[in-house]
Amino acid sequence: MIDPDAVIVGAGPAGLACAASLSQRGLRAVILEKADSVGSVWRRHYERLHLHTDRGHSALPGLPMPRSYPRYPARAQVVAYLESYAAAFDLHPVFHSTVEHVGRDGSAWQVEATSGRYSAPVAIIATGWADFPHLPRWPGQHDYRGQIIHSSVYRNPAPHAGQRVLVVGFGNSAGEIALDLAEAAVDVTLAVRGPVKILPRDLLGLPILSWAILQQWLPPRVADFLNAPLLRLAVGSTRGLGLQMERKGPLAMIAEDGRIPLLDIGTLARIRDGSIKVRGGIACFTGDGVTFADHATERFDAVILATGFRPDLRGLLPDAPGTFDAHGLPLVTGHTTSEPGLFFCGQRVVPTGQLREIGIEARRIARLAAEFLRH
(Lines give C-alpha, C1' and ligand atoms only; values in the text may rest on other atoms or scores of the structure.)
Protein backbone atom coordinates (compact mmCIF):
# COMPACT_ATOMS: atom_id res chain seq x y z
CA MET A 1 0.00 0.00 0.00
CA ILE A 2 1.33 3.43 -0.94
CA ASP A 3 0.95 6.26 1.58
CA PRO A 4 -1.67 4.81 3.92
CA ASP A 5 -3.81 7.18 5.96
CA ALA A 6 -3.38 5.04 9.06
CA VAL A 7 -1.25 2.26 10.49
CA ILE A 8 -3.16 -0.13 12.74
CA VAL A 9 -1.32 -2.36 15.22
CA GLY A 10 -3.19 -5.63 15.71
CA ALA A 11 -5.56 -7.74 13.59
CA GLY A 12 -7.92 -8.81 16.34
CA PRO A 13 -11.51 -7.54 16.63
CA ALA A 14 -10.40 -3.96 17.43
CA GLY A 15 -7.90 -3.72 14.57
CA LEU A 16 -10.30 -5.19 12.04
CA ALA A 17 -13.18 -2.98 13.20
CA CYS A 18 -11.03 0.15 12.92
CA ALA A 19 -9.78 -0.79 9.46
CA ALA A 20 -13.30 -1.49 8.20
CA SER A 21 -14.66 1.73 9.70
CA LEU A 22 -11.85 3.73 8.09
CA SER A 23 -12.47 2.10 4.71
CA GLN A 24 -16.14 3.04 4.89
CA ARG A 25 -14.95 6.66 5.05
CA GLY A 26 -12.64 6.21 2.08
CA LEU A 27 -9.47 6.00 4.18
CA ARG A 28 -6.69 3.50 3.61
CA ALA A 29 -5.07 1.58 6.44
CA VAL A 30 -2.29 -0.94 6.74
CA ILE A 31 -2.79 -3.51 9.51
CA LEU A 32 0.26 -5.04 11.19
CA GLU A 33 -0.18 -8.37 12.96
CA LYS A 34 2.58 -10.38 14.63
CA ALA A 35 0.73 -13.72 14.25
CA ASP A 36 -0.12 -15.52 11.03
CA SER A 37 -3.88 -14.94 11.01
CA VAL A 38 -6.63 -12.59 12.13
CA GLY A 39 -8.06 -13.10 15.60
CA SER A 40 -4.99 -14.99 16.78
CA VAL A 41 -5.86 -14.56 20.46
CA TRP A 42 -9.28 -16.12 19.91
CA ARG A 43 -7.62 -19.11 18.29
CA ARG A 44 -5.53 -19.64 21.43
CA HIS A 45 -8.36 -19.44 23.97
CA TYR A 46 -9.50 -22.57 25.81
CA GLU A 47 -11.70 -24.78 23.69
CA ARG A 48 -14.98 -24.60 25.59
CA LEU A 49 -15.02 -20.79 25.65
CA HIS A 50 -18.19 -19.04 24.52
CA LEU A 51 -18.80 -15.33 24.35
CA HIS A 52 -20.16 -13.98 27.60
CA THR A 53 -21.97 -11.32 25.58
CA ASP A 54 -24.85 -12.19 23.28
CA ARG A 55 -24.59 -12.42 19.50
CA GLY A 56 -26.79 -9.38 18.87
CA HIS A 57 -24.47 -7.11 20.84
CA SER A 58 -21.16 -8.65 19.76
CA ALA A 59 -20.97 -7.94 16.02
CA LEU A 60 -18.39 -5.54 14.61
CA PRO A 61 -19.41 -2.51 12.49
CA GLY A 62 -21.03 -3.34 9.18
CA LEU A 63 -21.47 -7.11 9.50
CA PRO A 64 -23.94 -8.89 11.82
CA MET A 65 -23.00 -12.27 13.23
CA PRO A 66 -24.79 -15.11 11.39
CA ARG A 67 -28.32 -15.79 12.63
CA SER A 68 -27.38 -19.48 12.72
CA TYR A 69 -25.06 -18.77 15.65
CA PRO A 70 -26.41 -19.44 19.15
CA ARG A 71 -27.13 -16.59 21.55
CA TYR A 72 -23.60 -16.98 22.95
CA PRO A 73 -21.28 -17.98 20.07
CA ALA A 74 -18.48 -20.47 20.64
CA ARG A 75 -14.80 -19.64 20.29
CA ALA A 76 -14.54 -21.32 16.88
CA GLN A 77 -17.56 -19.40 15.64
CA VAL A 78 -15.99 -16.10 16.70
CA VAL A 79 -12.83 -17.03 14.79
CA ALA A 80 -14.89 -17.87 11.69
CA TYR A 81 -16.75 -14.58 12.03
CA LEU A 82 -13.50 -12.59 12.22
CA GLU A 83 -12.23 -14.36 9.10
CA SER A 84 -15.45 -13.56 7.24
CA TYR A 85 -15.28 -9.96 8.49
CA ALA A 86 -11.79 -9.47 7.05
CA ALA A 87 -12.96 -10.98 3.75
CA ALA A 88 -16.13 -8.87 3.62
CA PHE A 89 -14.15 -5.63 3.91
CA ASP A 90 -11.20 -6.82 1.82
CA LEU A 91 -8.79 -6.45 4.73
CA HIS A 92 -5.33 -7.93 4.21
CA PRO A 93 -3.13 -7.55 7.31
CA VAL A 94 0.64 -7.83 7.05
CA PHE A 95 1.20 -11.03 9.04
CA HIS A 96 4.37 -12.06 10.90
CA SER A 97 4.90 -8.34 11.52
CA THR A 98 5.83 -7.64 15.12
CA VAL A 99 5.71 -3.92 15.91
CA GLU A 100 8.76 -2.83 17.87
CA HIS A 101 8.40 0.93 18.08
CA VAL A 102 5.82 3.63 17.36
CA GLY A 103 6.95 7.25 17.36
CA ARG A 104 6.04 10.58 15.86
CA ASP A 105 8.33 12.17 13.29
CA GLY A 106 7.09 15.56 12.19
CA SER A 107 3.55 15.24 10.86
CA ALA A 108 3.59 11.46 10.60
CA TRP A 109 3.75 8.40 12.84
CA GLN A 110 6.65 6.07 12.12
CA VAL A 111 5.99 2.43 12.93
CA GLU A 112 8.95 0.08 13.00
CA ALA A 113 8.08 -3.58 12.58
CA THR A 114 9.87 -6.78 11.65
CA SER A 115 8.27 -6.53 8.21
CA GLY A 116 9.56 -3.01 7.58
CA ARG A 117 8.98 0.65 8.40
CA TYR A 118 5.59 2.24 7.91
CA SER A 119 4.55 5.88 7.95
CA ALA A 120 1.12 7.49 8.22
CA PRO A 121 -0.48 10.58 9.80
CA VAL A 122 -2.70 8.34 11.97
CA ALA A 123 -1.65 5.47 14.23
CA ILE A 124 -4.17 3.19 15.94
CA ILE A 125 -3.07 0.81 18.70
CA ALA A 126 -5.45 -2.16 18.84
CA THR A 127 -3.28 -4.75 20.57
CA GLY A 128 -5.87 -5.96 23.08
CA TRP A 129 -5.09 -7.49 26.46
CA ALA A 130 -4.25 -11.15 26.05
CA ASP A 131 -0.58 -10.80 25.15
CA PHE A 132 0.17 -9.47 28.63
CA PRO A 133 -0.58 -12.29 31.13
CA HIS A 134 -0.20 -11.36 34.79
CA LEU A 135 1.99 -13.91 36.58
CA PRO A 136 2.12 -13.22 40.33
CA ARG A 137 4.79 -14.83 42.49
CA TRP A 138 4.55 -16.49 45.90
CA PRO A 139 7.14 -17.63 48.43
CA GLY A 140 8.31 -21.18 47.77
CA GLN A 141 7.08 -21.19 44.18
CA HIS A 142 10.55 -22.05 42.89
CA ASP A 143 10.51 -25.29 44.92
CA TYR A 144 7.12 -26.47 43.69
CA ARG A 145 7.52 -29.64 41.60
CA GLY A 146 4.13 -29.53 39.88
CA GLN A 147 3.09 -27.63 36.79
CA ILE A 148 2.19 -23.94 36.89
CA ILE A 149 0.54 -22.40 33.81
CA HIS A 150 -1.37 -19.21 33.08
CA SER A 151 -4.99 -19.53 31.98
CA SER A 152 -3.97 -18.25 28.53
CA VAL A 153 -2.11 -21.54 28.03
CA TYR A 154 -4.97 -23.80 29.16
CA ARG A 155 -6.83 -25.55 26.32
CA ASN A 156 -8.90 -28.45 27.72
CA PRO A 157 -9.02 -30.81 30.72
CA ALA A 158 -7.37 -33.81 28.99
CA PRO A 159 -3.80 -33.17 30.29
CA HIS A 160 -5.17 -32.98 33.85
CA ALA A 161 -7.02 -36.31 33.98
CA GLY A 162 -6.43 -37.95 37.35
CA GLN A 163 -4.78 -34.85 38.79
CA ARG A 164 -5.61 -32.48 41.64
CA VAL A 165 -5.73 -29.02 40.10
CA LEU A 166 -5.82 -25.60 41.75
CA VAL A 167 -7.28 -22.71 39.74
CA VAL A 168 -6.26 -19.32 41.12
CA GLY A 169 -8.78 -16.50 40.71
CA PHE A 170 -12.52 -15.97 40.41
CA GLY A 171 -12.99 -14.11 37.14
CA ASN A 172 -14.76 -15.51 34.11
CA SER A 173 -11.73 -17.49 32.95
CA ALA A 174 -11.23 -19.02 36.40
CA GLY A 175 -14.89 -19.93 36.73
CA GLU A 176 -15.17 -21.47 33.28
CA ILE A 177 -11.88 -23.38 33.48
CA ALA A 178 -12.85 -24.78 36.88
CA LEU A 179 -16.22 -25.80 35.42
CA ASP A 180 -14.51 -27.40 32.43
CA LEU A 181 -12.30 -29.46 34.74
CA ALA A 182 -15.16 -30.43 37.05
CA GLU A 183 -17.29 -31.63 34.14
CA ALA A 184 -14.39 -33.87 33.14
CA ALA A 185 -14.30 -35.34 36.68
CA VAL A 186 -10.99 -33.64 37.53
CA ASP A 187 -10.47 -32.87 41.23
CA VAL A 188 -10.49 -29.07 41.12
CA THR A 189 -10.22 -26.32 43.72
CA LEU A 190 -10.56 -22.55 43.34
CA ALA A 191 -8.21 -20.28 45.31
CA VAL A 192 -10.19 -17.08 45.94
CA ARG A 193 -8.27 -14.33 47.69
CA GLY A 194 -10.85 -11.57 48.17
CA PRO A 195 -14.50 -10.62 47.88
CA VAL A 196 -16.32 -11.68 44.71
CA LYS A 197 -19.44 -10.74 42.80
CA ILE A 198 -21.54 -13.25 40.85
CA LEU A 199 -24.08 -12.41 38.15
CA PRO A 200 -26.39 -14.65 36.13
CA ARG A 201 -25.57 -14.59 32.43
CA ASP A 202 -29.28 -14.09 31.73
CA LEU A 203 -31.84 -12.28 33.86
CA LEU A 204 -35.59 -12.66 33.25
CA GLY A 205 -34.81 -14.16 29.85
CA LEU A 206 -32.59 -11.27 28.73
CA PRO A 207 -28.78 -11.29 28.56
CA ILE A 208 -27.38 -9.47 31.60
CA LEU A 209 -25.54 -7.27 29.08
CA SER A 210 -28.90 -5.89 27.89
CA TRP A 211 -29.67 -4.70 31.41
CA ALA A 212 -26.31 -2.91 31.60
CA ILE A 213 -26.96 -1.20 28.25
CA LEU A 214 -30.45 -0.09 29.31
CA GLN A 215 -29.07 1.39 32.52
CA GLN A 216 -25.81 2.84 31.19
CA TRP A 217 -27.05 6.42 31.66
CA LEU A 218 -27.59 5.87 35.39
CA PRO A 219 -24.77 6.37 37.89
CA PRO A 220 -23.33 2.87 38.56
CA ARG A 221 -24.17 2.89 42.25
CA VAL A 222 -27.77 3.95 41.55
CA ALA A 223 -28.22 1.15 39.00
CA ASP A 224 -26.65 -1.33 41.41
CA PHE A 225 -29.07 -0.28 44.15
CA LEU A 226 -32.06 -0.77 41.85
CA ASN A 227 -30.83 -4.16 40.61
CA ALA A 228 -29.71 -5.64 43.94
CA PRO A 229 -32.97 -7.36 45.03
CA LEU A 230 -33.50 -9.06 41.67
CA LEU A 231 -29.86 -10.17 41.45
CA ARG A 232 -29.95 -11.64 44.96
CA LEU A 233 -33.01 -13.65 43.98
CA ALA A 234 -31.43 -14.82 40.70
CA VAL A 235 -28.08 -15.86 42.20
CA GLY A 236 -29.45 -17.37 45.40
CA SER A 237 -27.74 -17.84 48.72
CA THR A 238 -23.97 -18.21 48.80
CA ARG A 239 -23.72 -18.96 52.51
CA GLY A 240 -21.47 -21.83 53.47
CA LEU A 241 -19.71 -21.91 50.09
CA GLY A 242 -16.45 -20.34 51.28
CA LEU A 243 -17.00 -17.22 49.22
CA GLN A 244 -16.86 -13.70 50.60
CA MET A 245 -19.29 -11.56 48.64
CA GLU A 246 -18.27 -8.10 47.47
CA ARG A 247 -20.49 -5.46 49.08
CA LYS A 248 -19.97 -3.08 46.16
CA GLY A 249 -22.39 -3.56 43.27
CA PRO A 250 -21.19 -5.04 39.96
CA LEU A 251 -21.42 -1.83 37.91
CA ALA A 252 -19.56 0.18 40.55
CA MET A 253 -16.97 -2.59 40.78
CA ILE A 254 -16.30 -2.32 37.04
CA ALA A 255 -16.36 1.49 36.92
CA GLU A 256 -14.29 2.11 40.05
CA ASP A 257 -11.98 -0.90 40.25
CA GLY A 258 -11.83 -2.27 36.70
CA ARG A 259 -12.92 -5.68 38.00
CA ILE A 260 -15.37 -7.87 36.09
CA PRO A 261 -17.90 -9.96 38.07
CA LEU A 262 -18.24 -13.67 37.35
CA LEU A 263 -21.00 -14.33 34.82
CA ASP A 264 -22.19 -17.68 36.06
CA ILE A 265 -22.75 -20.42 33.47
CA GLY A 266 -22.78 -23.33 35.91
CA THR A 267 -19.77 -22.78 38.16
CA LEU A 268 -21.88 -21.87 41.20
CA ALA A 269 -23.93 -25.08 40.94
CA ARG A 270 -20.70 -27.10 40.89
CA ILE A 271 -19.46 -25.25 43.96
CA ARG A 272 -22.74 -25.99 45.70
CA ASP A 273 -22.58 -29.72 44.92
CA GLY A 274 -18.92 -29.95 45.93
CA SER A 275 -17.53 -30.71 42.48
CA ILE A 276 -15.54 -27.48 42.74
CA LYS A 277 -13.99 -26.76 46.13
CA VAL A 278 -13.21 -23.25 47.33
CA ARG A 279 -10.25 -22.17 49.42
CA GLY A 280 -8.80 -18.79 50.36
CA GLY A 281 -5.79 -17.00 48.97
CA ILE A 282 -2.36 -18.63 48.65
CA ALA A 283 0.21 -17.87 51.36
CA CYS A 284 3.06 -19.89 49.86
CA PHE A 285 3.94 -22.92 47.77
CA THR A 286 5.34 -26.18 49.07
CA GLY A 287 7.20 -28.85 47.14
CA ASP A 288 3.98 -30.63 46.17
CA GLY A 289 1.23 -28.08 46.77
CA VAL A 290 0.32 -24.84 48.48
CA THR A 291 -0.35 -23.44 51.93
CA PHE A 292 -3.39 -21.21 52.05
CA ALA A 293 -3.87 -18.03 54.07
CA ASP A 294 -5.70 -20.00 56.78
CA HIS A 295 -2.51 -22.15 57.17
CA ALA A 296 -4.10 -25.25 55.64
CA THR A 297 -1.74 -27.11 53.29
CA GLU A 298 -2.95 -29.23 50.37
CA ARG A 299 -1.30 -31.18 47.57
CA PHE A 300 -1.87 -30.21 43.94
CA ASP A 301 -0.42 -31.67 40.76
CA ALA A 302 -1.00 -28.50 38.73
CA VAL A 303 -1.82 -24.85 39.32
CA ILE A 304 -3.61 -22.73 36.71
CA LEU A 305 -3.21 -18.98 37.21
CA ALA A 306 -6.42 -17.30 36.06
CA THR A 307 -4.95 -14.04 37.30
CA GLY A 308 -5.81 -11.88 34.32
CA PHE A 309 -3.76 -9.60 32.11
CA ARG A 310 -1.89 -6.35 32.71
CA PRO A 311 -1.02 -4.69 29.42
CA ASP A 312 1.73 -2.07 29.55
CA LEU A 313 2.12 -0.19 26.26
CA ARG A 314 4.81 2.25 27.35
CA GLY A 315 7.53 0.16 25.73
CA LEU A 316 5.76 0.38 22.39
CA LEU A 317 5.40 4.18 22.53
CA PRO A 318 8.28 5.37 24.73
CA ASP A 319 8.08 8.94 23.43
CA ALA A 320 4.40 9.45 24.34
CA PRO A 321 4.42 9.16 28.15
CA GLY A 322 1.58 11.63 28.56
CA THR A 323 -0.88 9.18 27.01
CA PHE A 324 -0.52 6.49 29.72
CA ASP A 325 -1.40 6.04 33.36
CA ALA A 326 1.02 4.75 35.99
CA HIS A 327 0.46 1.15 34.85
CA GLY A 328 1.02 1.73 31.13
CA LEU A 329 -2.65 1.74 30.14
CA PRO A 330 -3.86 4.51 27.82
CA LEU A 331 -5.61 7.36 29.57
CA VAL A 332 -8.01 7.64 26.64
CA THR A 333 -9.37 4.87 24.44
CA GLY A 334 -11.75 5.37 21.53
CA HIS A 335 -11.22 9.14 21.55
CA THR A 336 -8.63 11.73 20.54
CA THR A 337 -5.51 11.48 22.71
CA SER A 338 -2.99 14.15 23.70
CA GLU A 339 -0.81 13.04 20.76
CA PRO A 340 -2.06 14.28 17.34
CA GLY A 341 -3.29 11.40 15.20
CA LEU A 342 -2.79 8.72 17.88
CA PHE A 343 -5.72 6.52 18.91
CA PHE A 344 -6.27 3.45 21.06
CA CYS A 345 -9.15 1.02 20.58
CA GLY A 346 -10.60 -1.58 22.94
CA GLN A 347 -8.28 -0.93 25.86
CA ARG A 348 -10.77 -0.46 28.70
CA VAL A 349 -13.10 -2.64 30.71
CA VAL A 350 -16.81 -1.86 30.30
CA PRO A 351 -20.01 -3.44 31.67
CA THR A 352 -21.78 -3.21 28.30
CA GLY A 353 -19.66 -5.74 26.40
CA GLN A 354 -16.11 -5.56 25.08
CA LEU A 355 -16.94 -6.33 21.43
CA ARG A 356 -19.83 -3.87 21.48
CA GLU A 357 -17.52 -1.21 22.91
CA ILE A 358 -14.90 -1.98 20.25
CA GLY A 359 -17.50 -1.33 17.56
CA ILE A 360 -18.52 1.99 19.12
CA GLU A 361 -14.91 3.09 19.51
CA ALA A 362 -13.93 2.01 15.98
CA ARG A 363 -16.68 4.11 14.39
CA ARG A 364 -15.76 7.10 16.51
CA ILE A 365 -12.05 6.74 15.77
CA ALA A 366 -12.78 6.59 12.03
CA ARG A 367 -14.81 9.80 12.26
CA LEU A 368 -12.17 11.58 14.35
CA ALA A 369 -9.36 10.34 12.08
CA ALA A 370 -11.19 11.64 9.01
CA GLU A 371 -11.63 15.04 10.68
CA PHE A 372 -7.97 15.08 11.71
CA LEU A 373 -6.81 14.31 8.16
CA ARG A 374 -9.13 16.94 6.72
CA HIS A 375 -7.73 19.68 8.91
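**Note on helix α6 and the elements around it**

1. Helix α6 is followed by Gly 236, whose phi is positive, near 85°. Helices here are DSSP runs of H or I with at least four residues, strands are DSSP runs of E with at least two, and both are numbered from the N terminus. This is a predicted model, in which local features need pLDDT of at least 70 and side-chain atom pairs count only at pLDDT 80 or more, while totals for chains, interfaces and linings use all residues. Residues are numbered from 1 along each chain as its sequence is written, and side-chain values use heavy atoms, with hydrogens and water left out.

2. Helix α6 covers residues 220-235, 16 residues in all. Its end C-alpha atoms are only 20 Å apart, short of the 22 Å that a straight helix would reach at 1.5 Å a residue; the expected span is 1.5 Å times one less than the number of residues. A kink of about 50° lies at Ala 228, shortly before the proline Pro 229. The bend at a residue is the angle between axes fitted to the seven residues ending there and the seven starting there.

3. The buried residues of α6 are Ala 223, Asp 224, Asn 227, Leu 231 and Val 235. Buried means under 20% relative accessible area, exposed means over 50%, and partly exposed lies in between (1.4 Å probe, protein chains only). These buried residues pack against β10 (198-200), β11 (202-203), α5, α7 (250-257) and α8 (267-272).

4. Helices α6 and α7 pack at an angle of about 145°, with their axes 7 Å apart. Axes are lines fitted to C-alpha atoms, for helices over the stretch in contact, and angles run from 0 to 180 degrees between N-to-C directions. On the α6 side, the contact involves Pro 220, Arg 221, Ala 223, Asp 224, Asn 227 and Leu 231; on the α7 side, Pro 250, Leu 251, Ala 252, Ala 255 and Glu 256. Contact means heavy atoms within 4.5 Å. The residues of this contact divide into seven nonpolar, one polar and three charged. Ala, Val, Leu, Ile, Met, Phe, Trp, Tyr, Cys and Pro count as nonpolar, Asp, Glu, Lys and Arg as charged, and the others, Gly among them, as polar.

5. Trp 211 sits in helix α5 (residues 208-214). Trp 211 counts as partly exposed because its relative accessibility is 22%. Leaving aside neighbours within four places in sequence, Trp 211 is in contact with Leu 203, Leu 204, Leu 206 and Leu 230.

6. Strand β8 (residues 164-168) has five of its five residues buried, so it is largely enclosed by the rest of the structure. Arg 164, Leu 166 and Val 168 lie on one side, with Val 165 and Val 167 on the other. Five bridges join β8 to strand β9 (residues 187-191), and the two run parallel; two strands pair if DSSP finds at least two bridges between them. The bridge partner of Val 168 in β9 is Ala 191.

7. Strands β15 (residues 282-285) and β16 (residues 289-292) pair in the antiparallel sense over three bridges. A hairpin through three residues joins β15 to β16, and Cys 284 stands opposite Thr 291 in β16. Strand β16 also pairs with β17 (residues 297-299), again antiparallel over three bridges, and there Thr 291 has Thr 297 as its bridge partner. Four residues lie between β16 and β17 in their hairpin, where His 295 in the turn has a positive phi of about 80°.
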